[in-house]
Amino acid sequence: MTSDTATEPGAAASGATASGASRAAHPTAWQRRLRRFGHVEHPRTPVSDRLVPPFREPGGARVWQTLGLGPAAVRRLARWSGWGGPLLVALVAGALRFWQLGSPRAVIFDETYYAKDAWALWHFGYEATWPDNANAQILATPQHIPVSPDPSYVVHPPVGKWVIGFGEWVFGLNPFGWRFMTALLGTLAVLMLCRIGRRLFRSTALGCLAGGLMAVDGLEFVMSRTALLDLIVMFWVLAAFGALLIDRDKARARLAAALPDGDRPDAEAGALTRLGLRPWRIAAGVLLGLACASKWNGAFYVVAFGIMAVLWDAGARRLAGASRPYRAMLRRDAGPAFLSLVPVALATYLLSWTGWFVTGNGYFRHWADGRGGTWSWIPGPLRSLWHYQYEVYQFNVHLTQPHTYQSNPWSWLVLGRPVSYYYESPKPGQSGCTAAGGCAREVLAIGTPLLWWAACFALLYLLYRWALGRDWRAGAILCGVAAGYLPWFHYQSRTIFLFYAVVFVPFLCLAVAMMVGAMLGPRGATERRRMWGAVGAGTLVLLIIWNFIYFYPLYTGMTIPLDAWRARMWLDTWI
């Protein structure tokens, strides 16, 4: 997901040391005067290194040398750990997600819509009609697929269902087939988060920690094993965030190269440098378009990430020396940023409806045929699609039918009301139940409690770092959380669910990883401070892993004694 070209660990740091040594050897008159009074100058980081900070040297180098590895081997290990560590974390995440993926062998929760719509898209190009007893016939032996070519009214765009349908095309219309792609994307999201965290924090360890935390988050885990659309939206959003991070580094590298002296800012270079073609920003536009074309809440990220991207540009120009960085950003960067994100996302969204356009049989496909009016100059298919989108919007904003597992967004971060996707009560001798008092078997969409509750404190810490410390990393993570969370407060009367929050789970994990990094302490801290920080951070991470293991039966639908199930109902609202 990320590339480390021109940012090898220690490369820029050595340049900073050389630059500091040059200034020390040739001090100014004012510096010589201050030295008479005992003033000691701190080495100043060159502007080029502040624009694109180098990756850290591996913190465990001395440990590996103690185990007998030479300096060259340690350097190779550090170089390969940038990919080796994330791949190892993703391997563990994938093993967890694909293990017994077809269990329970049932159509759980909203799989009843998306699994069948996905199959129809791959066979007809549009969502078709199914009878009420279709689920039983699909799961029966021998299988019968009772689909009608008549179009069906659906309220979500098609990309997520095309993705789900690919697994069905390869493995068939069965639980493993319709869950395969979400499991794959959930695993790849862990890999991406490791690499994104590495680039964001300039630390392989913290990047792998962020990915590892998401690997053991219950909500992301359950959504990775269920054929719903929200995890697919999360995947596209996370990929877009990573693309924007790469674009940020590359744009800043171009600014740094334009400085006459990389050691000092330059007003003209900071204000006038053109950053040229930015393919990673265009890629982010495509990815955000795919998010919108999977579910409409992806549109909030188009706005949030667009604002974040241009603010990053303004910050880069300020650091490069521009006296009016926001004016320079508006003149040089805002227009190209808008064109790279919004029109590209819109074009991607329209292309996602290709099956609906070319088949001619989709719902409302011929609504505009024979209709005149003010907008009759627009091609009929486009007007029909616009009408369809309007009808879908009306449905989504006015969906107020009560549901047993609906929840208010105020309760999401503390996991006030999870969603039960599947539940049955096997009697002794059924489904592996051996308890005399009976058993329970449930798939509960709930985050790992200790991880989410720790994330509440982490978000407060990041607010402090962003508001008072001006830490752009904290602001970027908070932007990712806010875009996926805050808009739902506008729809509190709508029927909404906790699992919508999966779209910002990666940013919660980044927040906890950043807080853990602060707990470990800065590199210049005393050994005692680092020791106690490591003890606290390690304890928190181990407790989160234990918490995931403890709730694992509820994430996978394992048969457990009823008393064990009750012991895991920590809050009454979880039942």
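Me: Buried means under 20% relative accessible area, exposed means over 50%, and partly exposed lies in between (1.4 Å probe, protein chains only). Why is Cys433 called buried?

Reply: This is a predicted model, in which local features need pLDDT of at least 70, side-chain atom pairs count only at pLDDT 80 or more, and totals for chains, interfaces and linings use all residues. Residues are numbered from 1 along each chain as its sequence is written, and side-chain values use heavy atoms, with hydrogens and water left out. Now the cysteine. Cys433 has a relative accessible area of 4%. That is under 20%, so Cys433 is buried.

Me: What makes the link of Cys433 and Cys439 a disulfide?

Reply: The sulfur distance. A disulfide is a pair of cysteine sulfur atoms within 2.5 Å. From Cys433 to Cys439, S to S, it is 2.1 Å, so the pair qualifies. The structure holds one disulfide. The link of Cys433 and Cys439 is right-handed, with 80 degrees about the S-S bond. Cys439 is buried too, because its relative accessible area is 4%.

Me: Why is Cys194 in no disulfide?

Reply: For Cys194, the nearest cysteine sulfur is that of Cys208, 4.7 Å away. Seen from Cys208, the closest cysteine sulfur is in Cys194, and 4.7 Å is too far for a bond. Both residues are still buried: Cys194 has 0% relative accessibility, and Cys208 has a relative accessible area of 14%.

Me: How do you know that Asp249 and Arg202 form a salt bridge?

Reply: A salt bridge is a side-chain nitrogen of Lys or Arg within 4 Å of a carboxyl oxygen of Asp or Glu. The side chains of Asp249 and Arg202 meet at 3.0 Å, N to O, so they pass. This pair links distant parts of the chain, 47 residues apart: Asp249 sits in helix α12 (residues 230-258), and Arg202 in the loop between α9 (175-201) and α10 (204-215). Helices (H or I, at least four residues) and strands (E, at least two) are DSSP runs, numbered from the N terminus. Asp249 and Arg202 are both buried.

Me: What makes Asp313 and Arg278 a salt bridge?

Reply: Their N to O distance is 3.1 Å. Again the pair joins distant parts of the chain, 35 residues apart. Asp313 is in helix α15 (residues 299-320), while Arg278 is in the loop between α13 (267-272) and α14 (279-292). Asp313 is buried because its relative accessible area is 5%. Arg278, at 9%, counts as buried as well. These two residues also belong to a network of salt bridges with Asp247 and Arg281.

Me: Why can such pairs form?

Reply: Side chains of opposite charge can pair when their charged atoms come close. The whole structure has 15 salt bridges.

Me: Why does the pair of Arg473 and Asp471 count as a salt bridge?

Reply: The closest N and O atoms of Arg473 and Asp471 are 2.8 Å apart. That is within 4 Å, so the pair counts. Arg473 has 18% relative accessibility, and therefore counts as buried. Asp471, with 9%, is buried too.

Me: Why is Tyr326 called partly exposed?

Reply: Its relative accessible area is 41%. That lies between 20% and 50%, so Tyr326 is partly exposed. Tyr326 lies in helix α16 (residues 325-332). Leaving out residues up to four places away in sequence, Tyr326 touches Leu311, Ala314 and Arg318. Contact means heavy atoms within 4.5 Å. Tyr326 and Gly315 are eleven residues apart along the chain, with 8.3 Å between their C-alpha atoms.

Me: What makes the nonpolar surface patch?

Reply: Trp122, Phe166, Trp169, Val170 and Phe171 make it, with about 500 Å². Patches take residues with over 30% relative accessible area and no salt bridge, joining nonpolar side chains (Val, Leu, Ile, Met, Phe, Trp, Tyr) within 5 Å and like charges within 9 Å. Areas come from the Shrake-Rupley method with a 1.4 Å probe; for residues, only the protein chains shown count as cover. Val170 is partly exposed at 44%, so it clears the 30% cut-off. Helix α8 (residues 159-171) gives the largest share of the patch, four residues. Val170 is in helix α8.
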